[in-house]
Amino acid sequence: MSIFKKLFGGGATPEPSHVTYQDFRITPTPMSEGGAYRVSALIEKEIDGETRSHTLVRADTVQGLEAAQDASVRKAKQVIDEQGDRVFR
């Protein structure tokens, strides 16, 4: 990436896209940490007309942004399978 893109914001990371799973919306939000990415995702669902959300942060770290996004979605699906709507308590 050129220095001009860094200086003027041309290298901004695009917004992560979301995945729909069992009426939940999962948005992967991996956190950069020392050359790796911590697995993290936002889990949302509309319940009784209100959007509820839960931020999932795991201790797992993964090399590479795309792999971290995939791992974040996979872990979020696992939590949804295990806890369902209880994730919002």
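The accessible surface of this protein comes to about 6,100 Å², and 46% of that area belongs to carbon and sulfur atoms; areas of this kind come from the Shrake-Rupley method with a 1.4 Å probe, and for residues only the protein chains shown count as cover. What you are looking at is a predicted model, in which local features need pLDDT of at least 70 and side-chain atom pairs count only at pLDDT 80 or more, whereas totals for chains, interfaces and linings use all residues. Residues are numbered from 1 along each chain as its sequence is written, and side-chain values use heavy atoms, with hydrogens and water left out.

Let me turn to confidence. The pLDDT, which is the predictor's confidence in each residue from 0 to 100, averages 87 for the protein, and 82% of the residues score at least 70. Confidence is lowest in helix α1, residues 3-8, with a mean of 51, and highest in β2, at 97. Where pLDDT is low, the predicted coordinates should not be read in detail.

Now the fold. There are 2 helices and 5 strands, running α-β-β-β-β-β-α from the N terminus; helices (H or I, at least four residues) and strands (E, at least two) are DSSP runs, numbered from the N terminus.

What makes up the largest nonpolar core? It has 12 residues, including F24, I43, I80 and F88, and such a core is a set of buried Ala, Val, Leu, Ile, Met, Phe, Trp, Tyr and Cys residues joined through side-chain atoms within 4.5 Å, where buried means under 20% relative accessible area, exposed over 50%, and partly exposed in between (1.4 Å probe, protein chains only). The largest share of this core, 4 residues, comes from α2.
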